[in-house]
Amino acid sequence: MSSSLNQGNRDNQENREIPKITLTNGVEIPALGLGTAAIGSFTEDGPRIQACVETAIELGYRHFDTAAVYGNEAGVGAGLRASGLPPEELFVTTKVWNAEQGYDSTLKAFENSLKALGSDRVDLYLIHWPVEPFERVIETWRALERLYREKAVRAVGVSNFTVRHLKKLAKAGDGDENRIKPMINQVEFHPYLYQEELLHYCRAEGMPLEAWSPLGGGNWPGRKENPRPLEDPLVIRLAEKYGKTPAQILIAWSLHLGNIVIPKSENPRRLEENLAAGALRLSSEDREALSGLNRNFRYGADPDHVDF
Ligand code: A2P
């Protein structure tokens with residue numbers, strides 16, 4: 001990394017405002033983080049991932065989202081360690097993959113993730129997808145509850161859960177006064193997939209949504225090509241109005257909704273641009289107009305059809 005970028009980083013870190021969200025258990029999570037799926041190519045691990053994480057940390061990122069299935073926990077962990085920052089200054093999320101769901105297999109998967117990360121801690125552990133039969137998800141959740149009680153993780157949550165899945169999981173805990181509720185639901189979320197019902201349900205439950213592919217940049221194999229929010233005429237017009245970029249408009253909109261947002265980039269200029277969106281305020285009219293862009297477009301998988 002060039003020295004001018006280094007100087008810029010120091011300035012950025014002083015001026016940068018990364019909003020934080022407090023989870024139901026009091027744990028604080030930086031509302032803007034780095035999504036690490038498919039840095040390089042999917043399941044790529046090694047120096048490229050490490051370098052990207054190191055660059056992001058220099059730019060001021062403190063929150064990193066990975067998953068066992070991304071195959072890059074080792075590179076992410078190496079990047080975190082290379083920063084020299086104490087773990088308490090970082091926030092790291094990983095997830096149990098579908099094939100590992102179940103009670104014992106989840107505990108084992110968690111150990112494997114720790115080993116890969118080269119760490120003795122994870123801040124947030126998530127169930128990656130709601131698989132069927134749902135009994136397996138319930139067993140997986142019991143394992144997450146145990147990890148949380150044993151303080152192996154600071155927070156637990158789910159990913160890609162619809163309202164239906166959340167209600168089923170809640171029902172399984174009915175009558176159990178020791179049960180732990182998911183503290184976050186990480187889902188695909190952007191103006192072309194403004195999941196209003198899910199957003200309101202999660203808000204009422206005190207469970208923030210964490211937006212993956214907040215730019216609508218996902219590119220799952222087999223997904224049909226749809227127009228992208230980054231190229232939407234309204235998004236471009238607002239970018240001009242605020243003197244910002246389309247990506248910054250999308251990130252700021254999601255943050256305004258109370259979401260945690262984890263755009264992926266491996267380009268230093270874009271990493272910096274995305275982080276700077278934390279300080280951007282949009283008018284309520286403009287936010288409503290962005291929410292009105294919904295088209296129910298997914299660039300990733302549909303949680304109601306998890307067959308992978
Ligand atoms: P790159 O890694 O080359 O920057 P999402 O997080 O919504 O899935 O989007 C990720 C995609 O969007 C990646 O292809 C990433 O490419 C691209 N991207 C990330 N940040 C920006 C930005 N600020 N402007 C335009 N494209 C971006």
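## Overall build

The protein chain of this predicted model is made up of 11 helices and 10 strands. Its C-alpha atoms occupy a box of roughly 50 × 45 × 40 Å when the principal axes are used as the directions.

## Burial, contacts and surface

Of the 308 residues in the protein chain, 53% count as buried. When contacts between residues at least 6 apart in sequence are considered, 78% of them join residues that are at least 24 apart.

## The largest pocket

Rolling a probe the size of a water molecule over the atoms shows where empty space is left. In this model, the largest pocket holds about 920 Å³ of space, and its lining consists of 38 residues, with Ala37, Ser213, Gly217, Gly218 and Lys264 lying nearest the centre. Two elements, helix H9 (246-256) and helix H10 (268-276), are those that give two or more residues to this lining.

Which helix supplies the largest share of the lining of the largest pocket? That share, four residues, comes from H10. Sorted by residue type, the lining of the largest pocket comprises 17 nonpolar residues, 15 polar residues and six charged residues.

Key:
Residues numbered from 1 in each chain as written. Predicted model: local features only at pLDDT ≥ 70, side-chain atom pairs only at ≥ 80, totals over all residues. Heavy atoms only, no water. 1 Å grid on protein atoms, 1.4 Å probe; cavity = no way out; pocket = protein on both sides within 12 Å on 5 of 7 lines; lining within 4 Å. Points joined across faces, edges and corners; volume = space filled by probe spheres on them. Nonpolar A, V, L, I, M, F, W, Y, C, P; charged D, E, K, R; others polar. Buried < 20%, exposed > 50% of the residue type's maximum accessible area, 1.4 Å probe, protein only. Contact = heavy atoms within 4.5 Å.
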